Amino acid sequence: MTFTRETRELTKCMDQKTGYMHFMKNYFYIQHPTRGQLLFDPFSYQEELLKTFHNYSHSANMLPRQTGKTTCAAGYLLWYGMYMPNRDIVVAAHRLTAAYEIMDRVRYAYEMCPDHIRANVVEYTKTSIEFINGSRIVAQTTTETTGRGMSISLLYCDEFAFVPVNIAESFWASISPTLATGVRAIITSTRKLETDTFTNLHRAASTNVDSKTGLGVNGYRAFSSHWSEHPDFDDEWAAEMKLHIGEDQFNAQYAGDFSPAQAFQYGP
């Protein structure tokens, strides 16, 4: 690749309107569980999810399990940290191992970036990356004090529905005044309960949506997808999954459809 082409590619990645998509389609590598190292090739619903991340300052995104929502977020956060200077990005995960996993994805993608588009770092640890442009990504578990003492520019909450209800409520009460000052917020989760902080947030974002802004009554943009939008998930796959985990659990984990008594857990 010539110097001129490298400069052109860097310029495309740095574009604040479209750079995130160019970066993710051309330079964001992931580790597929069965196919190994792959350049990210977003499905249609994933492109729409990424557009929601980028085009709306606050979004509540409800997706089924195994549909790549965390992968999309990891790539977007890496792009944001490398090309948006002087930003504090907080990753809040429902458990410590999940926080580590998200940072593993970010670090893997960073290490796979070619030198001409990769921002230099001044700190590189298991739970944080600080770039030479003054931006940093910090991963924490979601607690009542997450993000305290930081000048947060972007908050990402992963699997927010799985944060214990009392902690989620306290965290949201604590962080909401900060978000109201213009801090960006990306909230993603599989649905868990009929009524919890995340479900209520997504429901309000889906209620009385303004035709001009696309925002719900709480000022958030709602996004959701169905399992059938994933190219690898078809009726045969769904039938097999229902045999393994039962129809109620399938409806809850993949369709977000269940009675209050059918709440589910997954992972340690």
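Modeller: Start at Asp-235, which counts as exposed because its relative accessibility is 63% (exposed is over 50% relative accessible area, buried under 20%, partly exposed in between; 1.4 Å probe, protein chains only). Asp-235 belongs to helix H8, residues 235-245 (helices, H or I of at least four residues, and strands, E of at least two, are DSSP runs numbered from the N terminus).

The model is predicted, so local features need pLDDT of at least 70 and side-chain atom pairs pLDDT 80 or more, while totals for chains, interfaces and linings use all residues. Numbering runs from 1 along each chain as its sequence is written, and side-chain values use heavy atoms, without hydrogens or water.

Now the rings. The structure contains 23 aromatic pairs (Phe, Tyr or Trp six-membered ring centres within 6.5 Å; planes under 30 degrees apart are stacked, over 60 edge-to-face, the rest tilted). Take Tyr-76 and Trp-79. Their ring centres are 5.6 Å apart and their planes meet at 40 degrees, so this pair is tilted. Both sit in helix H4, residues 69-83, and because they are 3 residues apart, about one helical turn separates them. Tyr-76 is buried, and Trp-79 is buried too.

A second pair joins Tyr-110 and Tyr-124. Here the centres lie 5.7 Å apart with planes at 45 degrees, so this pair is also tilted. Tyr-110 is in helix H5 (residues 96-112) and Tyr-124 is in strand E5 (residues 121-124), so the contact ties together parts 14 residues apart in sequence. Tyr-110 counts as buried because its relative accessibility is 8%. Tyr-124 has 31%, so Tyr-124 is partly exposed.

Next comes the loop between H4 and strand E4 (88-93), where Pro-85 is found. Pro-85 is at 37% relative accessibility, so it counts as partly exposed. Asn-86 is not a glycine, yet its phi is positive, about 55 degrees. Its relative accessible area is 59%, so Asn-86 is exposed.

Asn-208 lies in the loop between helix H7 (197-205) and strand E10 (221-224). With 65% relative accessibility, Asn-208 counts as exposed.
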